[in-house]
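This briefing goes through one protein chain, topic by topic. Keep the structure open while reading and find each residue as it is named.

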Amino acid sequence: MTGSRSRVIRRAFPIRALLMASFILALIAGPGAGVLSPGTAYAQTDAAVTSSAPLTDADYKEWEKVADRAEEAIQANRVSDAALEELRVELVDWRARFDANHTDTSAAASAVQAQLDTLGAPPAEGQEEAPEIASQRASLNDKLAEIQAPSRRAELAHSQADALVRSIDSMLRARQTDALLELGPAPIDPTKWPTAVTDLSSYVVSMAEGAREAWGNQKKRDAFVKNLPVLLGLVALALLLVLRGRSWFERLAFRLVAKDRSAARWLISFVVSLGQFIIPTGGAFMIAGAITGSGVAGASIDALAPALPAALFQLFFSRWIGNNIFPQSETGDLPLELSTAQRREGRLYALAFGILLAADTLLSAAGTAAGWDAATHNVLHFPIVALIGLFLLRISRFMVVHARADQSESEDRSFRRHLIILLARVVSVMAIVGPLLAAVGYFKVGSSFSIQTLQSLMLIALLMGLQKLTEELYVLITRDRAGVADALWPVLAGFVFALMSLPVFSLIWGARATDLAEIWSEFKGGFSIGETHISPGDFVTFVIVFGIGYAFTRVIQGALKTTVLPKTKLDIGGQNAVVSGLGYIGMFLAALTAITTAGIDLSSLAIVAGALSVGVGFGLRTIVENFVSGIILLVERPISEGDWIEAGGQMGFVRNISVRSTRIETFDRTDVIVPNADLISGVVTNWTRGNMIGRLIVKVGVAYGNDTRRVQDILQEIAEAQPLVLLNPPPGIIFNGFGSDSLDFEMRMILRDITQMLVVQTEVNHQIAERFKAEGIEIPFSQRDIWLRNPETLFQGKGPVSVSPPEEPASKPAPVAHHDHSPTGERAPAHMRDRDTDHDGDTDGDGDADR
C-alpha cells in the first residue's frame with residue numbers, strides 16, 4: 001500500500017504540454033491525482049527529443065537487446081512499476097528515432113521516384129527501350145531500393161517498438177486497476193486504531209529526535225550557525241508571505257471593484273486576486289528551502305518539507321476558489337444564486353476542503369517516509385475521506401438550490417438547470433458511496449470517489465472563473481455588456497477551455513500521463529483517407545492559408561466596391577453582381593491554394609468525391625438547383641438588388657441575391673425568402689428593370705345620363721395635372737363601353753417613377769371625386785330591383801294582399817335598367833308562392849338573376 005501510494009505521489013505533474021494546468025491540479029489534488037512527478041515528466045518529454053541521425057547496424061544490434069529485454073519483462077510480469085516506466089521511456093526513445101529515420105528516407109525516396117516518373121512508364125513486354133534511358137532507369141531503381149531498405153528496416157523496428165510500448169501500457173493499466181479494487185484493512189476496525197495512533201506519535205517523536213541528532217553533529221551545527229542570518233531572513237520573509245500575503249491581495253482586489261464595477265477594474269482585480277494563493281505558495285517554497293538548507297531539521301522533517309508547498313497551495317487555492325464561487329460582495333453577477341448565509345457557509349466549506357487536502361498531502365508524505373502499513377494509512381486517512389464526503393453532500397445541495405432558483409422556460413436555461421441537477425446528484429452519490437467503500441476496506445476506490453470528485457468540482461469552479469474572465473474581456477473590447485449573454489466569442493472561448501480541461505480531468509480520475517502522451521502522439525500523427533494523410537499541421541496550414549486568401553479577397557472586394565465600380569457605368573445591381581462573383585472566385589482559389597499548400601492530394605479523393613456527387617444528385621438536388629440558379633441570376637442579371645418585382649404572388653423590392661435564395665422586402669416591411677430556382681423557372685414581373693418608367697391605369701365609372709365627352713375632358717385635365725405623369729406620350733382617356741351599372745372609362749398614364757404608382761393613383765382618385773362633385777357628375781353604385789310573383793300565397797287565409805313596388809326617393813334618379821320583367825314586357829304578377837321565391841332575386845329558381 002505504501003509503495004503504491006508513493007508512486008501516486010511521484011506522479012504530481014503531467015507532461016510539459018500540460019505543465020500549467022497540472023501545476024494547479026497537483027496543488028488542488030495532492031496525492032491520488034494519478035500524475036507524474038516533475039522528474040518523470042521531464043524524462044517523458046525529453047524522450048521525444050531524439051536525434052534523427054541515420055541508424056547504423058550497431059544501433060540495430062543495440063535495439064535488439066532492448067527489445068529482447070522488454071519482451072522478457074512483459075512475459076515474466078514480475079517487474080516493478082518503476083522499472084516498467086523506465087523501460088517504457090527507453091522504448092519511446094527508440095520509437096522516435098525509428099520514426100525520424102523513416103521520415104528522412106521517405107523524403108529521399110520521393111526525390112528518386114520523381115526522377116523515375118520523369119522518365120515515363122517502362123516499355124511494354126516485347127518492346128525495346130533506348131539504351132541510355134534503360135541504363136538510367138536501372139540506376140535509379142537500384143538507388144531507390146538502396147534508399148528504401150533502411151526506411152523499411154526502420155519502419156519494421158518502429159512497429160515492434162510501438163507494440164512493446166502498448167503492451168507495457170496495458171500491463172500498467174491492469175496493475176493500476178487491480179490495485180484500485182484491492183480489498184485492504186477496514187479503517188472502522190477498532191483493532192487497527194492503536195497501531196495507527198502509535199505510528200503517528202512515533203513519527204512525531206522521530207521528528208524531534210532527528211532534529212536533536214542533527215543538532216548534535218558539530219559539522220552541521222557550524223554550517224547552520226554560519227548560514228543563520230540568511231536562513232532567518234528567508235524564514236521571516238516566508239512567514240510574512242504565508243501569514244499576511246493572502247489577506248493583502250484579497251483586500252486590494254476587493255477595493256478595486258468596490259466603487260466601480262467596470263470590465264477593466266474587474267480584470268485587474270482578477271489578476272490581483274491570483275496573489276492570494278501564488279504569494280503564500282512562494283513563501284511555502286522558501287520555508288521548504290530553509291528547512292532543507294539548514295541541515296539540522298532531521299530526516300523526518302526533511303521528508304515533509306517537499307510536500308509543504310503543495311499542501312499550502314491546496315489550502316490557499318481552495319480558499320480562493322471559495323471566495324470566487326461564494327463571494328462576499330452582493331454587487332455584480334453572482335456565480336450561484338444563493339443567499340448571503342449560504343454563501344458564507346460555502347466559503348467555510350471551501351476552507352475546510354483546503355485544510356483536509358493539505359492534511360492528506362502531509363500524511364501521505366509522512367507515511368511514505370516512515371513506511372506505514374496499509375492499516376495505519378487507512379485509519380489515518382479515513383476521517384479526511386469521511387469529512388470530504390460530508391461536506392460534498394452540502395455542496396450538492398447548494399447546486400440544486402442554484403439550479404431551481406432560475407425558473408426560466410428558455411431551452412438553454414432549462415438544459416443548464418437539468419445538467420446542474422444531474423451533476424449535483426452524481427456528487428451526492430459519490431459523497432455517500434466513497435466513504436462507505438473506504439470504510440469496508442476498498443479504501444483506494446472509496447477515497448478516489450470522494451477526493452477526486454472534490455478535485456473535479458474545483459476544476460469546474462476554475463473553468464467558471466475563466467469563462468467569466470473571457471466575458472469581461474469581451475465587454476472591455478466591445479463596450480457591450482448587454483450583449484455579452486448572446487455573444488458567440490465568449491461561448492467559443494468557454495468551449496476551448498472545456499476542451500483543454502479534458503486531459504486534466506483524465507489525470508484526476510487516474511489516467512497516466514504516458515497515456516495522454518500517446519494520445520497526443522497519435523493526434524500529431526494525423527489520419528489517412530485512402531492514400532491522403534492529414535495531420536494537425538496540415539490542418540493549421542490550411543486554416544492559415546485560407547484565412548489569408550479570404551482576407552485578401554475581402555480587401556479586393558472592398559476596394560472595387562468603394563473606389564473602382566462606382567466610377568463605371570454599371571448600375572447598382574451589376575456592381576453587386578461583380579463583387580459577389582469575385583467573392584466566390586476568391587474563396588474557391590483560396591481553398592484550392594490552401595489545400596495545395598497543406599499537401600493534400602485531391603486526386604486520391606476522386607472516388608470519395610464521386611460517391612458524394614451521387615449523394616448530392618439525389619439528396620441535395622434542390623440545393624444544387626438553387627445554387628446554379630443563383631449563379632445565373634448573378635451573371636444574366638434579369639433582376640438586381642433594388643428592383644421592384646412580383647414573383648410567386650409576392651411583390652416588393654429585391655434586397656439581397658445570394659447563391660441559394662433571394663430576399664424580397666414587401667411593402668408591409670416583411671422579408672420573403674424566394675428560392676432562386678423559382679425566379680428562374682417561374683414568371684417574374686420586374687417593374688423597374690432598366691428604368692423607373694411605368695404605366696398606371698385608373699378605372700372610372702359614371703352613371704348613365706352623364707355627358708361622356710365632358711367626363712373625358714375632366715379626366716384628361718386631371719391626368720395632365722399630375723407632376724409624375726409624362727406628357728410625351730400624353731395620358732390617354734379610353735371610353736371602354738356600357739357596363740351593367742355605369743359608363744366605364746380608363747385613365748392610362750405613363751409615370752416617370754413607377755414606384756410612386758399608389759401615391760399618384762390616390763391623388764387622382766381624390767381629384768376625380770372633387771371634380772365630379774363640383775360638375776354634378778354621379779358615380780353610380782350597383783342596383784337591383786326585386787319583384788315578387790304571386791305574393792298573396794305568403795298570406796293564405798288572411799285575405800287578399802296588395803303588393804306594389806316602393807316609391808323611389810325624390811332625390812334618387814330612376815334606375816337605368818329594370819330587371820326581372822316578363823317576356824311580354826309587362827311587369828310580373830304581384831303575388832307568388834314560397835317555392836317561387838329565390839334569395840338571389842330571380843324567378844326561375846336556378847340561382848341566377850335574369851338580366
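The model is a predicted one. The chain has 851 residues, of which 38% count as buried, and it holds 26 helices and 10 strands.

**The chain as a whole**

- The accessible surface of the chain is about 47400 Å², and carbon and sulfur atoms account for 62% of it.
- Among contacts in the chain with a separation of 6 or more, 73% are between residues 24 or more positions apart.
- The structure contains 24 salt bridges.

**The nonpolar patch and its surroundings**

- The patch lies on the surface and is formed by Leu-387, Leu-390, Leu-393, Val-429, Ile-432, Val-433 and Leu-436, with about 560 Å² of accessible area together.
- Helix H15 (374-405) and helix H16 (411-440) are the elements that give two or more residues to the patch.
- Val-433 lies in helix H16 and is partly exposed, at a relative accessible area of 30%.
- Val-400, in helix H15, is buried, with a relative accessible area of 13%.
- The C-alpha atoms of Val-400 and Ile-421 are 5.5 Å apart, although 21 residues separate the two along the chain.
- Ser-450 belongs to helix H17 (residues 443-478) and counts as buried because its relative accessibility is 0%, where buried means under 20%.
- Leaving aside residues up to four places away in sequence, Ser-450 touches Val-385, Ile-388, Leu-392, Met-430, Gly-434 and Pro-435.

**Salt bridges**

- Side chains of opposite charge can pair when their charged atoms come close.
- Asp-169 and Arg-88 form a salt bridge in which the closest N and O atoms are 2.6 Å apart.
- This pair links distant parts of the chain, with Asp-169 in helix H6 (residues 131-180) and Arg-88 in helix H5 (residues 81-119), 81 residues apart.
- Both partners are buried: Asp-169 has 4% relative accessibility, and Arg-88 has a relative accessible area of 1%.
- Arg-95 forms a salt bridge with Glu-518, with 2.5 Å between the closest N and O atoms.
- Arg-95 is in helix H5 and Glu-518 is in helix H19 (residues 513-525), so this pair ties together parts 423 residues apart in sequence.
- Arg-95 is buried, with a relative accessible area of 8%, and Glu-518 counts as buried at 10% relative accessibility.
- Arg-88, Asp-169, Arg-95 and Glu-518 are among the residues linked in a network of salt bridges, which also includes Glu-85, Asp-162, Arg-166, Arg-173, Arg-512 and Asp-515.
- Glu-746 and Arg-748 also meet in a salt bridge, at 2.9 Å from N to O.
- Glu-746 counts as buried, at 8% relative accessibility, whereas Arg-748 counts as partly exposed, at 33%.

**Hairpins**

- Strands of a sheet pair through backbone hydrogen bonds, either parallel or antiparallel.
- Strand E3 (residues 644-647) and strand E4 (residues 650-657) run antiparallel and are joined by 4 bridges, with Trp-644 having Phe-653 as its bridge partner in E4.
- E3 and E4 form a hairpin with 2 residues between them, and Gly-648 in the turn has a positive phi of about 60 degrees.
- E3 is also joined by 3 bridges to strand E7 (residues 684-686), again antiparallel, and Ile-645 stands opposite Asn-686 in E7.
- Strand E5 (residues 661-666) and E6 run antiparallel with 5 bridges, and Glu-665 stands opposite Asp-671 in E6.
- The hairpin of E5 and E6 has 4 residues between the strands, and Arg-669 in the turn has a positive phi of about 65 degrees.

**The three-stranded sheet**

- An open sheet of 3 strands has the order E8-E10-E9, with antiparallel pairing.
- Strand E8 (694-702) and strand E9 (732-738) are at the edges, each with a single partner strand, so one side of each has no neighbour in the sheet.
- On average, neighbouring strands of this sheet are turned by 20 degrees against each other, direction ignored.
- E9 pairs with strand E10 (residues 743-751) over 6 bridges in the antiparallel sense, and Phe-735 has Phe-745 as its bridge partner in E10.
- Helix H25 (residues 708-720) packs on the sheet and touches E8, E9 and E10, its direction making about 20 degrees with that of E10.
- Helix H26 (residues 757-775) packs on the sheet as well, touching E8 and E10, and its direction makes about 25 degrees with that of E8.

Key. Residues numbered from 1 in each chain as written. Predicted model: local features only at pLDDT ≥ 70, side-chain atom pairs only at ≥ 80, totals over all residues. Heavy atoms only, no water. Pairing = 2+ DSSP bridges. Patch = residues over 30% accessible without salt bridge, like charges linked within 9 Å, V, L, I, M, F, W, Y side chains within 5 Å. Areas by Shrake-Rupley, 256 points an atom, 1.4 Å probe, with all protein chains shown as cover. Salt bridge = Lys/Arg side-chain N within 4 Å of Asp/Glu carboxyl O. Buried < 20%, exposed > 50% of the residue type's maximum accessible area, 1.4 Å probe, protein only. Contact = heavy atoms within 4.5 Å. Axes fitted to C-alpha atoms, helices over the stretch in contact; angles between N-to-C directions.
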